[in-house]
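Good morning, and thank you for coming.

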Amino acid sequence: MNKIPNRQAICETLMAHAKEDKHIYALCSDSRGSASMTPFFNAFPEQSVEVGIAEQNLVSIAAGMAHCGEKPYCFSPACFISTRSYEQAKVDVAYSNTNVKLIGISGGISYGELGMSHHSAQDIAAMSAIPNMRVYLPSDRFQTAKLIESLLQDEKPAYVRVGRNPVEDIYSEGDCPFEMDKATVHGNLEAENDVAIIACGEMVRPALEAARILGEKGIRAVVADMYCVKPLDKDTVVKMAKSAKLVITVEEHAPYGGMGSSVAVEVAANCPKKVITMALPDDHVITGKSGAVFDYYGLNGEGIAKKAVENLA
Amino acid sequence: MFLRAQCMEKPDAETETDMEVKMSKPEFDVKALTIKSLELRKVVLDMIMKSGGGHIGGDFSVMDALVTLYFDQMNVSPENMDDPDRDYFIMSKGHSVESYYAVLAAKGFFETEKVVNEFSQFGSKFIGHPNNELPGIEMNSGSLGHGLPVSVGMALACRKENRPSRIYTIMGDGEVAEGSVWEGFMAAGHYQLSNLCAVVDRNRLQISGTTEQVMTHENLHAQIESFGWNVTEANGNDIAEMREAFEQAKTVTDRPTCIIANTVKGYGGGEIMENKAAWHHHVPTQEEYKEIVKALEAKKEGILHE
């Protein structure tokens, strides 16, 4: 089992570049430990900025720095950076078009036991609604590193959400196909499939598990790792829908305004098929560690497979 | 460009060395700048009359601070607007955009006539709040409480890059009620950003009444000082005083400076609009327009014949 959380992959990728590129900055709001950014702060104190517990300031300061030519990466729990500093993300980053990368750590229900204040089940909806803001939810540490490598090359705003805990590897060092803003498809898009499962972030692993379970039952499934929630890889969404009888989306998010909503819009417009959106409830999420909470709501391999079987019948 | 030559004019008999020095900085002529400031208020008035909207009260109170910055203090112009070593300004009280546009136009960033005709019109680039797709505007603003924290980021970056740049921002006094402003004050004090200078346009009025009724700022000076700032006060409608305050700020090397610019809302527009909360975003009638023009002219005449 992998022990490296995605946040650590971000830190390592940034550290690998920060030595050469003195414009790369990490900004934290008393969150360097939670963000796994302590090694960066220790190795590059001149490229690190601590703003204290002040997420609005975190994002505005980053915007000011970016405007003056720096490349700031802001780290704060996803629940805070996405909504506490929402207006700063909207006005100072997206609207002013500053090269700020917002990294939401411990996203979704990573802090399962800590209650709704610490859950970020609204971040995809909130960030996606801002023009000029991109939204990414990488699925494992290898994809996370590839994503950060790519983000280091551009000068546009982006929001990245990662979870707190290590997730099982999907890819490997030598085998992590990655194209910016293109979903990674697992399975055969050209074949006639029964179900197309589109997942993002930590839900990609259970989606793949569901495909395996369905395969054993003779049900053909194709899975898309839709790490690029915005801009959504619409082309792959339509191809997925065309290849199957049913589309299922799975995400660690509230049922409204998330990746599933965006997928449903594309499918409805271009290739009408039944779309089942699997997500967290529109309610207080039950208390517990994230794995147990996912199981409770059927956001696991078996739950997704069951949903497919029910809706194919 | 509108009145530009007037300010740039220099006396004839000067040595070459003097000339060189003054090439980098125009001679300070308080009278000329004060007149410019009054004439730019007329541009603002025309902009608002033409578009049927705007925030005239704050426009008039803040104009002298803007004129002092752009025509005396700041190293920024259409020629060096992409130079990283320039000075940076954020109009945090973005609703006073009409004044900002008038000053930027006078500075040559765009044409005065164009902004007067197009301000807030359908499809216009001259939106009712600052937008950095226009030349000369660094950051978008409009929602209050953003300018200071963004300025902190600029000041940090410029210090890290060893740039000579100074960072300026102007806030409204009502705006200081925003919590994010205090996050900015706190961080700037913590990082001892002496290259940062914030101005509070202390006109004592906001949309619902006096600032003291709405949310008191009686202790503003001491409050900001307690965040590790050098705080000074000046008559914000007196260009000589504002200049002195900006110059004093440059001598402070271990703290950021905040200038509390005591102003009159609607300054220069005469009795009809001065110090009246209702004029926060009032659009003058034709009769009122004439009154204001008359008041501005009278003030200008007074200065010319001082």
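Predicted model: local features only at pLDDT ≥ 70, side-chain atom pairs only at ≥ 80, totals over all residues.

Chain B and chain A bury about 2,100 Å² between them, and carbon and sulfur atoms give 53% of that area. Buried area here is the accessible area, taken with a 1.4 Å probe, that two parts lose on being put together, summed over both. The size of an interface is often given in this way, as the accessible area lost when the parts come together. Three residues, His146(B), Lys160(B) and Glu183(B), supply 27% of the area that chain B buries against chain A, more than any other three residues.

Residues are numbered from 1 along each chain as its sequence is written, chains are lettered from A and ligands numbered from 1 in the order in which they are written, and side-chain values use heavy atoms, with hydrogens and water left out.

Let us return to the interface. In terms of contact, meaning heavy atoms within 4.5 Å, 26 residues of chain B meet 24 residues of chain A. How many salt bridges does the rule find across the interface of chain B and chain A? The rule finds zero, a salt bridge being a side-chain nitrogen of Lys or Arg within 4 Å of a carboxyl oxygen of Asp or Glu. Polar contacts, by comparison, link 13 residue pairs across this interface, both residues being at pLDDT 80 or more. A polar contact is a pair of N or O atoms within 3.5 Å; within protein, one must be able to donate a hydrogen and the other to accept it, and residues adjacent in sequence count only if both atoms are side-chain atoms.

Which helices of chain B each supply at least two residues of the side that touches chain A? They are helix H7 (147–160) and helix H8 (179–190). H7(B) gives the most to that side, with nine residues. Helices (H or I, at least four residues) and strands (E, at least two) are DSSP runs, numbered from the N terminus.

H7(B) is mostly covered, with 12 of its 14 residues buried. Buried means under 20% relative accessible area, exposed over 50%, and partly exposed in between, with a 1.4 Å probe and protein chains only. Among the buried residues of H7(B) are Gly147(B), Met154(B) and Cys158(B). Just after H7(B), Asn162(B) takes a positive phi of about 55°.

Next, helix H4 of chain B, residues 56–73. Its 18 residues should span 26 Å, and its end C-alpha atoms lie 24 Å apart, which agrees. H4(B) bends by about 45° at Val62(B), the bend being the angle between axes fitted to the seven residues ending there and the seven starting there. Of the 18 residues in H4(B), 18 are buried.

Two loop residues of chain B also have a positive phi. Ser120(B), in the loop between helix H6 (112–118) and H7, has a phi near 65° and is partly exposed, at a relative accessible area of 39%. Asn275(B) sits in the loop between strand E7 (257–262) and helix H12 (286–304); its phi is about 60°, and it counts as exposed because its relative accessibility is 52%.

Phe110(B) and Pro135(B) are 25 residues apart in sequence, and their C-alpha atoms are 7.5 Å apart in space.

I close with chain A. A cis peptide bond, with omega about 0°, joins Lys230(A) and Pro231(A). Pro231(A) is placed in the loop between strand E10 (228–230) and helix H9 (234–243). Val162(A), in the loop between strand E6 (158–161) and strand E7 (184–186) of chain A, is buried at a relative accessible area of 1%. Leaving aside neighbours within four places in sequence, Val162(A) is in contact with residues including Asn6(A), Ile105(A) and Pro138(A).

Key
Expected span 1.5 Å × (residues − 1).
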